[in-house]
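Please look over the sequence and the model below before reading on.

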Protein chains: 2
Amino acid sequence: MDRKIATIQDVARTAGVSTATVSRTLSKPSVVAPATREAVQSAIAETGYRVNATASNLRRQRTGSVIVLVPNLANPFFSQILAGLSSVLTPAQYGLLVADTQSGPDPDERLAHYLTSGQADGLILLDGTLSPEVLRTPGRPPVVMACEWMGSDLPSVTVENARGAEMAVDHLAGLGHRAIGHVTGPRGNVLTETRLEGFTRGLAARGLPLREDWVLEGDFTMDSGAAAARAFLRMADRPSALFLSSDEMAVGFMGVVQAAGLRVPQDVSVVGFDNIEMAQHLTPRLTTIRQPRTRIGESAAELLLGLIDTAALTGPSDVIEVEFIARGSAAPPPSDRNLG
Amino acid sequence: MDRKIATIQDVARTAGVSTATVSRTLSKPSVVAPATREAVQSAIAETGYRVNATASNLRRQRTGSVIVLVPNLANPFFSQILAGLSSVLTPAQYGLLVADTQSGPDPDERLAHYLTSGQADGLILLDGTLSPEVLRTPGRPPVVMACEWMGSDLPSVTVENARGAEMAVDHLAGLGHRAIGHVTGPRGNVLTETRLEGFTRGLAARGLPLREDWVLEGDFTMDSGAAAARAFLRMADRPSALFLSSDEMAVGFMGVVQAAGLRVPQDVSVVGFDNIEMAQHLTPRLTTIRQPRTRIGESAAELLLGLIDTAALTGPSDVIEVEFIARGSAAPPPSDRNLG
DNA sequence: CTGAAAGCGCTAACAT
DNA sequence: ATGTTAGCGCTTTCAG
């Protein structure tokens with residue numbers, strides 16, 4: 001019973017047909033006669049045959065899988081994107097190979113490796129720090145960026161980062177804040193820069209000043225948000241509200257600020273970016289910008305499948321909308337309440 | 001320049017040797033003469049040759065990849081495990097295919113599919129709810145469980161869940177608590193049951209009563225922790241401390257309880273399980289049990305590679321130690337302070 | 001130390 | 001509607 005795994009030959013033999021017929025029964029059942037089709041199917045059932053994907057792929061000159069290059073797999077930020085990718089690739093019969101770019105020494109080299117390794121029919125890059133030149137590989141598979149990447153004309157899925165930042169400023173300004181600070185991601189990062197740009201534009205639109213000393217650099221982590229809070233607490237002249245470029249930083253920020261005896265939002269208003277699950281469980285609940293990460297993954301996978309199907313290296317891009325979510329961490333500034 | 005991708009034939013031709021020699025140069029360089037070796041190497045460089053993994057795999061009767069079955073990819077719980085897996089599989093030249101079990105209709109069928117699909121040299125299961133019978137597939141690849149699974153003798157990587165729960169109780173009892181409640185995960189889940197068992201044992205060891213009405217059912221999510229908090233608030237006779245089976249639930253719990261005006265730990269002590277990154281950024285910082293998830297992934301990958309290398313279906317298992325982390329969310333009960 | 005040759009299991013022309 | 005056949009690109013005996 002548990003002999004070796006059956007091959008297409010075994011099925012052909014037991015069904016009394018040729019291997020071609022077995023293959024056809026599997027791929028285009030309509031072109032084989034009903035009688036033979038049934039014979040083949042029962043032979044398949046009898047032998048427990050499963051097609052050998054490797055052989056099939058070799059013959060068809062494809063791999064049946066897609067590689068997603070993640071900068072840092074340990075970062076939960078990416079899990080929802082992976083879920084989105086998986087939800088469209090699996091039904092389309094593609095495997096999802098994940099690779100961590102930054103675990104090795106040279107991320108660019110890793111990218112080059114996967115680009116030329118022929119291990120996948122397409123790549124999805126979540127890492128915006130890779131150098132564009134690597135993509136000049138001849139005969140490379142199609143690539144979709146699932147994040148912003150300056151100076152690249154690859155098909156991509158991006159989020160309205162600048163607009164989200166503007167919405168945050170707008171909300172705070174609408175509440176009466178005129179002294180608004182910002183905690184950025186790491187400088188040079190595309191998300192950082194686009195959100196900073198939106199922040200700046202939002203201030204300008206409301207005629208508010210951009211105070212350089214109120215713009216603190218973080219790196220999207222809770223730790224850096226906590227550090228920003230300590231810097232904030234040391235300021236002689238503090239902003240009444242802060243927009244932080246990630247919810248994680250907002251969590252770290254609020255933790256330190258509350259530990260120091262300040263109240264959010266009574267003493268300082270806080271707006272984050274992302275709408276991580278935790279945002280609605282904090283005290284106070286975090287006002288933030290939602291970016292639908294599952295959607296990012298789905299869209300990236302759809303774009304890539306489009307490229308693969310049409311054997312193209314370029315194609316449409318997609319921009320994912322963000323949504324402002326007002327919760328309890330932003331309120332009118334203290335001065336307004338005093339006046340009231 | 002950007003002709004088609006070079007094959008081993010092209011390299012053989014430009015180097016003036018046979019394909020066998022090219023293959024040997026790549027796999028066992030020591031057995032080819034230095035002169036030929038160099039000729040082959042420069043031919044490889046010249047042609048930009050990359051071995052076709054599919055063809056190689058077909059010939060060698062392997063796939064070069066490992067499938068990890070994740071119950072829910074969107075759950076960030078798994079991202080660190082994936083990082084651990086990747087960090088050992090990648091250097092070992094194995095691809096990491098991820099598949100979401102619960103996205104489709106029938107998880108068991110998905111497992112059966114991957115077990116027989118021949119798409120991987122081994123499987124890693126993170127889903128403890130799959131039925132053991134599926135594993136009776138003849139000719140299946142080796143499987144490692146990276147979570148507890150009742151009634152299975154597969155090689156596995158498990159965490160000292162019961163012991164972690166005992167440590168939590170012990171800490172609370174040591175602080176003077178005699179009224180300790182528990183919020184479980186979903187009943188039937190192995191993590192839930194083992195932690196509940198540890199909780200019960202811990203109480204017994206300290207001679208404390210197990211009050212059924214102080215044991216609330218959750219499902220590991222923040223939402224369920226919040227729900228547990230509402231139930232807690234409605235209690236006429238409340239425990240002075242709670243051990244929650246996940247940090248997420250502790251976050252949800254503390255949010256609601258604090259919003260209701262109770263102070264943690266002054267009015268109620270809280271201990272979680274996991275040590276998620278956020279634990280140290282909460283106010284107060286969360287006392288919890290650390291389970292090293294990256295280590296779980298690394299260990300699972302190592303065990304699986306061992307099985308693959310020895311062509312075995314059974315092998316050693318690994319138990320990962322947990323660590324108690326005392327922070328600010330647990331303190332002596334109010335009664336003790338009154339007495340003090 | 002190197003080459004010739006036989007497939008791995010499958011698919012897709014091309015015949016019939 | 002079905003069978004025959006020629007590989008996909010590679011590794012690995014087996015000879016030399």
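In which loop of chain A is A:Asp219 found? A:Asp219 sits in the loop between strand 7 (215–217) and helix 9 (222–234) of chain A, where helices (H or I, at least four residues) and strands (E, at least two) are DSSP runs numbered from the N terminus. This is a predicted model, in which local features need pLDDT of at least 70 and side-chain atom pairs count only at pLDDT 80 or more, while totals for chains, interfaces and linings use all residues. Residues are numbered from 1 along each chain as its sequence is written, chains are lettered from A and ligands numbered from 1 in the order in which they are written, and side-chain values use heavy atoms, with hydrogens and water left out.

With a relative accessible area of 38%, A:Asp219 is partly exposed, because buried means under 20%, exposed over 50%, and partly exposed in between (1.4 Å probe, protein chains only).

Strand 1 (residues 65–70) of chain A is largely enclosed by the rest of the structure, because six of its six residues are buried. Both of its faces are covered, with A:Ser65, A:Ile67 and A:Leu69 buried on one side and A:Val66, A:Val68 and A:Val70 buried on the other. Strand 1 runs parallel to strand 2 (residues 95–100) of chain A and is joined to it by six bridges, pairing being assigned if DSSP finds at least two bridges between two strands; within strand 2, A:Ala99 is the bridge partner of A:Leu69.

In chain B, B:Val257 belongs to helix 10 (residues 247–259) and is buried, with a relative accessible area of 0%.
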